[in-house]
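Good morning, everyone, and thank you for coming. Please take a moment to look at the structure on the screen before I walk you through some of its details.

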Amino acid sequence: MSALLCPKMQSYFSAHIRLELPRMTRKSAIAALLILPSFSYAATVLSSPPELNNKSYVLMDYETGQILAAKNENEKLAPASMTKMMTSFIIEQKLLKGELTENEKVRMNESAWCRGSSTESCMYVPLNGTATVLEMLRGIIIQSGNDASKAMAEHISGNEGSFAYEMNQEAKKIGMTNSHFINATGMPAEGHYSTAKDMATLAKHIIHDSSKYYPIYSEKEFTFNGIKQGNRNALLYTDPSVDGLKTGHTDEAGYCLTTSSKRGPLRLISVICGATSRNERANQTRSLLTWGYSNFETVSVKPANQALAKAKVYFGKTNEVQIGLAENFNVTMPKGQADAIKTQISVQPNLNAPLEQGQVVGKLTATLDGKVIAEKPLVALKAVEEAGFFSRMIDHIKMFFSNLF
């Protein structure tokens, strides 16, 4: 074959004959949707967000991860029992992966057992008694049980310290850049901290990645061992749009609350750190949500699984592939500007077969007033099989001449 090719073409083939583009599956494409560029509404006239008497707060758009309003959002603070969101998230992920089962029995060792105290919240599993993993999960989320949190930490990792290491690894994985956990409960400890922004990021992943178990965060009460306890999130009882997530309180942390609320297509996540009372953390959350829903709306840019374009494919049994989105592309923006959104498709050059269904092949960019407001991966909507040898050689020649000119 090389005798039939000019030197320049031989050089081209030696460099490109084994070229393989990076591949991403549909699953990893969906995961990538959670890591999006931030953008600014500085040029848009909005009403000012409320002034809140607390240490820190964040209002985040769930769809894009954009921070809509914030104060000291990156300040490292004691998160109190909002820590348990990471504990529950790890349990949920292990259940989804099959590393734990819902009916698996978990023993309450003396090191985790709650003797009953006004200084901590408990699920009240008896000493040396057992509860299922799903019961423990409810005890952590609804009752904020320190005993359940520690028992699950020991069940998963052998001891609470080893579990804290896993918490920190998971925090890095999902983009919590200013958090460090020492324990599974949020009880005061030197070097145990997080931020309002990181807690919002964690809430976003719980809602998306643990959707099967997310409804537990909206349950108003849970009874175990004959003891019924109510969820400490007061907004669950007064605002039907609120469906989670977690309260927290210690003397050091003050009163804290991570909340998610969904009205129509718009879901907002708020985090309050260091309010002065239970009522204040609830009222401040209401104020943030009211401001957010008054100023922003979520609009559909493009739906999932719809052919948006065709892309040229080399070395395949077909020479083109339809491309689209793995998930619906929605953006949150100031109200009344949906008609001003523009989109642009970018496709990777020289797509080579074989292509898997769901493989990322480009991106769709949404802009407002010339500024990028969101991006999402474009994927192959169908697989493209590799062609035979001679068809591939013809495509190599075509690719060579297209690059030559």
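Predicted model: local features only at pLDDT ≥ 70, side-chain atom pairs only at ≥ 80, totals over all residues.

R267 lies over the face of Y62, at 5.8 Å from the ring centre, where a charge counts as sitting over a ring if NZ of Lys or CZ of Arg is within 6 Å of the ring centre and within 35 degrees of the ring normal. The charged end of K312 likewise sits over a ring, that of Y314, 5.3 Å from its centre.

Residues are numbered from 1 along each chain as its sequence is written, and side-chain values use heavy atoms, with hydrogens and water left out.

The predictor's confidence in each residue, from 0 to 100, is the pLDDT, and its mean over the protein chain is 87, with 85% of the residues reaching 70 or more. Over residues 1-43, however, the pLDDT is below 50, and beyond near neighbours in sequence this stretch has 73 contacts in the model, a contact being heavy atoms within 4.5 Å.

Let me come back to the rings. How many aromatic pairs does the structure hold? There are three, counting rings of Phe, Tyr and Trp (its six-membered ring) whose centres lie within 6.5 Å, with planes under 30 degrees apart called stacked, over 60 edge-to-face and the rest tilted. One of them joins W291 and F296, whose ring centres are 5.6 Å apart and whose planes stand at 65 degrees, so this pair is edge-to-face. Y314 and F315 form another, and because their planes are at 50 degrees, with the centres 6.0 Å apart, that pair is tilted.

Are these residues buried or exposed? Buried means under 20% relative accessible area, exposed over 50%, and partly exposed in between, using a 1.4 Å probe and protein chains only. W291 is buried at 8% and F296 at 2%, while Y314 is buried at 10% and F315 at 6%.

W291 is also among the buried residues of helix 9, which include R281, L288 and Y293. Helices (H or I, at least four residues) and strands (E, at least two) are DSSP runs, numbered from the N terminus.

Finally, six strands form an open sheet of mixed pairing, in the order 14-16-17-12-11-15, and two strands pair if DSSP finds at least two bridges between them.
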